[in-house]
Amino acid sequence: GIVTLVARKGKVVQHKAYGFQDLEKQTPMRLDTIARIYSMTKPITGVAMMMLYDEGKWKPSDPIAKHIPEFANLRVYAGDKDGAPVFEAPAHPPTMGELMSHTAGFTYGLFGNTPVDQLYRKNNPLDAPSLQAMIDRLATLPLLYQPGTRWVYSVSVDIQGYLVEKLSGKTFPEFLRTRLFEPLGMVDTAFYVPADKLARVSTIYAYDKAKGGLAPAPGESVVTSPPGLPSGGGGLYGTAADYFRFAQMLLNGGELDGKRILKKRSVDGVHTNVLSEQGVKSN
């Protein structure tokens, strides 16, 4: 099933639903169907961080360890010698600006097979019971590369979710709810789906070779209560209508319906390429 929403100059000109939110039950997709939005969570977490930037809570030049002391002694993978991985000190402490742009040295552990990827899979920081436990696990893992030298899609945005808590004094879900979702009228966006909305949740499907078609994805049950680790990198549920309001706020330069979320200069900063043409290469 698919929900499409097209807007131009702030006006919704098309909003339609197609197919099924549940194939087995033949439940039609609806305009207000709730879906797990996975990495579309990342821009929301980034905006939360930029709200705190507007308040002077952090600077791009800050070492991450200024705000997360557990990261003060991170090591960097430097290749292998005699069949064993070699680790070295970072050329400079990874910064908040690098954390915000996936260039600090972290990874996911899912897309490679280096010794660092293997350690990520073994320790599984995103399976920790809380954001603090995730940080504690990450503090024991080496960086994949020297900070600022590569771009690697990573757990950086989950670390940002932890920082929202640390810098704001609110839990990450509470900050998003009170400072972002409620002001923007994002009524169905959260880290879990309450009982009264479960009938609106879309089943997540994957291709099943044996079946030769789609089947419910294994291990993808709906989160029905506040999670211990609210994932800033991929944990939110929401609707197309909610995400439109978030996107329109950014298109408007940081405000929607008279409610300012970000300063215009911060939105301009978000839209600016910060990757060095020569210094940073993609993985």
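Leucine 180 touches Ile44, Val47, Met51, Phe175, Phe246 and Ile261, leaving aside residues up to four places away in sequence, where contact means heavy atoms within 4.5 Å. This is a predicted model, in which local features need pLDDT of at least 70 and side-chain atom pairs count only at pLDDT 80 or more, while totals for chains, interfaces and linings use all residues. Residues are numbered from 1 along each chain as its sequence is written, and side-chain values use heavy atoms, with hydrogens and water left out.

**Nonpolar core**
- Of the 57 residues in the largest nonpolar core, Ile44, Phe106, Ile159, Leu180 and Phe246 touch the most other members; such a core is a set of buried (under 20% relative accessible area, 1.4 Å probe, protein chains only) Ala, Val, Leu, Ile, Met, Phe, Trp, Tyr and Cys residues joined through side-chain atoms within 4.5 Å.
- The largest share of this core, 7 residues, comes from H1, a helix in the DSSP sense (an H or I run of at least four residues, numbered from the N terminus).

**H5 with H6**
- Helix H5 (residues 131-138) and helix H6 (residues 156-168) pack at an angle of about 125°, with axes 10 Å apart, the axes being lines fitted to C-alpha atoms over the stretch in contact and the angles running from 0 to 180 degrees between N-to-C directions.
- Leu131, Gln132, Met134, Ile135 and Leu138 in H5 meet Asp158, Ile159, Gly161, Tyr162 and Glu165 in H6.

**H6 with H7**
- H6 and H7 pack at an angle of about 75°, with their axes 8 Å apart.
- H6 is therefore roughly perpendicular to H7, a label that covers 65 to 115 degrees.
- Gly161, Val164, Glu165 and Ser168 of H6 make the contact with Phe172, Pro173 and Phe175 of H7.

Terms used:
Helices (H or I, at least four residues) and strands (E, at least two) are DSSP runs, numbered from the N terminus. Buried means under 20% relative accessible area, exposed over 50%, partly exposed in between (1.4 Å probe, protein chains only). Angles under 35 degrees count as roughly parallel, over 145 as roughly antiparallel, 65 to 115 as roughly perpendicular and the rest as oblique.
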